[in-house]
Amino acid sequence: MKPKIINKTKHNKIANSRVIEVEDLGLVPYKIAWEYQQKLVKERLKNPELPDKLLLVEHPTVYTLGTGSTLDNLKFDLNNFSGEIYRTERGGEVTFHCDGQIVVYPILNLYYYQQDLHWYLRQLEEVIIQLLAQYDVKGQRINGLTGVWVNDEKIAAIGIKVKRWITMHGFALNVCCDLSGFDQIIPCGIKNKFVTRLSHYDPDVNILEVKEELVKTFFQVFSVVTLKTQESSSEKKVAQSDQ
């Protein structure tokens with residue numbers, strides 16, 4: 001059984017041909033969401049006409065590394081580490097995920113948008129910047145550093161993988177998460193920089209509302225039209241979709 005779709009949107013550049021399906025997977029272990037992404041990408045490599053996906057998820061505490069990440073950015077000894085850590089196929093260095101952080105995995109066929117990875121990265125940053133503006137928080141880019149920053153502190157990290165113009169992985173936005181896990185790493189391999197979260201600027205922020213606004217903003221930035229059917233999904237359903 002596949003996860004339920006909470007939104008279906010048609011891409012307005014190719015009318016009635018492209019659909020984006022948005023799934024809020026809730027709190028799901030990293031490995032399960034990762035394998036689900038890989039399954040979706042594999043399906044779309046075989047059939048590029050399948051609809052795009054926008055996955056929203058929170059992860060229990062986990063560290064992830066990019067393909068070429070160095071272990072020098074870990075402040076703990078892996079031999080004595082009892083938590084979860086994964087080396088993935090995305091770009092970028094080490095980062096940290098936990099509940100209270102919204103992780104967004106767009107599974108898009110860039111053939112129907114722009115076949116330009118720099119454009120895609122800037123679009124993801126723009127989604128975050130426009131979203132933060134709705135909370136009167138000024139997000140900004142720093143030249144040469146992918147991601148979004150507020151007052152020189154990183155609020156959102158980005159790491160992607162693209163194969164034959166099909167995207168996976170994406171970005172993580174710190175909303176109301178415990179940032180202490182970042183103390184055990186050099187986030188994204190950038191020394192002398194700190195991380196922040198949206199709740200620092202808006203203590204009453206509601207993560208469910210942020211998810212809704214994030215989806216709306218994503219549609220606006222990527223020029224798609226929304227058709228909502230509000231539903232939810234779960235870890236169990238994601239796991240069942242692989243059976």
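Analyst: Gladly, and please keep in mind that this is a predicted model. One place to begin is the lining of the largest cavity, whose residues divide into nine nonpolar, three polar and one charged.

User: Which residues of that lining lie nearest the centre of the largest cavity?
Analyst: Thr 95, Ala 157, Asn 174, Phe 182 and Val 195 lie nearest its centre, out of 13 residues that line the largest cavity. The elements that give two or more residues to this lining are β6 (95-97), β10 (153-163) and β11 (166-174), and the largest share, four residues, comes from β10.

User: How much space lies in it?
Analyst: The largest cavity holds about 70 Å³ of space.

User: And how many cavities of 30 Å³ or more does the search find in the whole structure?
Analyst: The search finds two of them. The second largest cavity holds about 40 Å³, and its lining is made up of Trp 149, Lys 154, Pro 187, Cys 188, Ile 190, Lys 193, Phe 194 and Val 195. By class, that lining divides into six nonpolar residues, no polar ones and two charged ones.

User: Which element supplies the largest share of the pocket lining?
Analyst: That is β10, with seven residues. Each of β6, β7 (101-107), α2 (117-133), β9, β10 and β11 supplies at least two residues of the lining, and by class the pocket lining has 14 nonpolar, ten polar and four charged residues.

User: Let me step back to the chain, then: how many helices and strands has it?
Analyst: The chain has four helices and 13 strands. Of its 243 residues, 52% are buried, and the chain exposes about 11400 Å², of which carbon and sulfur atoms supply 48%.

User: What share of the contacts with a separation of 6 or more comes from residues 24 or more positions apart?
Analyst: Residues 24 or more positions apart account for 71% of those contacts in the chain.

User: Changing topic to the rings, how many aromatic pairs does the structure hold?
Analyst: The structure holds 13 aromatic pairs. One of them joins Tyr 30 and Tyr 86, whose ring centres are 5.6 Å apart and whose planes meet at 25 degrees, so the pair is stacked. This pair links distant parts of the chain, since Tyr 30 is in helix α1 (residues 30-46) and Tyr 86 is in strand β5 (residues 85-87), 56 residues apart.

User: Are Tyr 30 and Tyr 86 buried or exposed?
Analyst: Tyr 30 is buried, and Tyr 86 is buried as well. Another pair is formed by Phe 96 and Phe 182, and that one is edge-to-face, with 5.3 Å centre to centre and 75 degrees between the planes.

User: Where do Phe 96 and Phe 182 lie?
Analyst: Phe 96 lies in strand β6 and Phe 182 in the loop between β11 and β12 (194-195), so the pair ties together parts that are 86 residues apart in sequence. Phe 96 and Phe 182 are both buried, and Phe 182 is also among the residues that lie nearest the centre of the largest cavity.

User: Which residues form an aromatic cluster with them?
Analyst: Phe 96 and Phe 182 form one aromatic cluster with Tyr 63, Phe 76 and Phe 81.

User: Last topic, the backbone: what is the phi of Asp 152?
Analyst: Asp 152 has a positive phi of about 70 degrees, although this residue is not a glycine. Asp 152 is found in the loop between β9 (145-150) and β10, and because its relative accessibility is 39%, Asp 152 counts as partly exposed.

User: And His 169, what is its phi, and where is it found?
Analyst: His 169 has a positive phi of about 55 degrees and is not a glycine either. His 169 is found in strand β11, which is also one of the elements that give two or more residues to the lining of the largest cavity.

User: Why does His 169 count as buried?
Analyst: His 169 counts as buried because its relative accessibility is 1%, and the cut-off for buried is under 20%.

Technical notes
Residues are numbered from 1 along each chain as its sequence is written. This is a predicted model: local features need pLDDT of at least 70, side-chain atom pairs count only at pLDDT 80 or more; totals for chains, interfaces and linings use all residues. Side-chain values use heavy atoms; hydrogens and water are left out. On a 1 Å grid over the protein atoms alone, a cavity is a set of points where a 1.4 Å probe fits but cannot get out, and a pocket is an open set with protein on both sides within 12 Å along at least five of seven lines; lining residues have an atom within 4 Å of a point. Grid points are joined across faces, edges and corners, and a volume is the space filled by probe spheres set on the points. Ala, Val, Leu, Ile, Met, Phe, Trp, Tyr, Cys and Pro count as nonpolar, Asp, Glu, Lys and Arg as charged, and the others, Gly among them, as polar. Buried means under 20% relative accessible area, exposed over 50%, partly exposed in between (1.4 Å probe, protein chains only). Contact means heavy atoms within 4.5 Å. Accessible areas come from the Shrake-Rupley method with a 1.4 Å probe; for residues, only the protein chains shown count as cover. Rings of Phe, Tyr and Trp (its six-membered ring) pair if their centres lie within 6.5 Å; planes under 30 degrees apart count as stacked, over 60 as edge-to-face and the rest as tilted.
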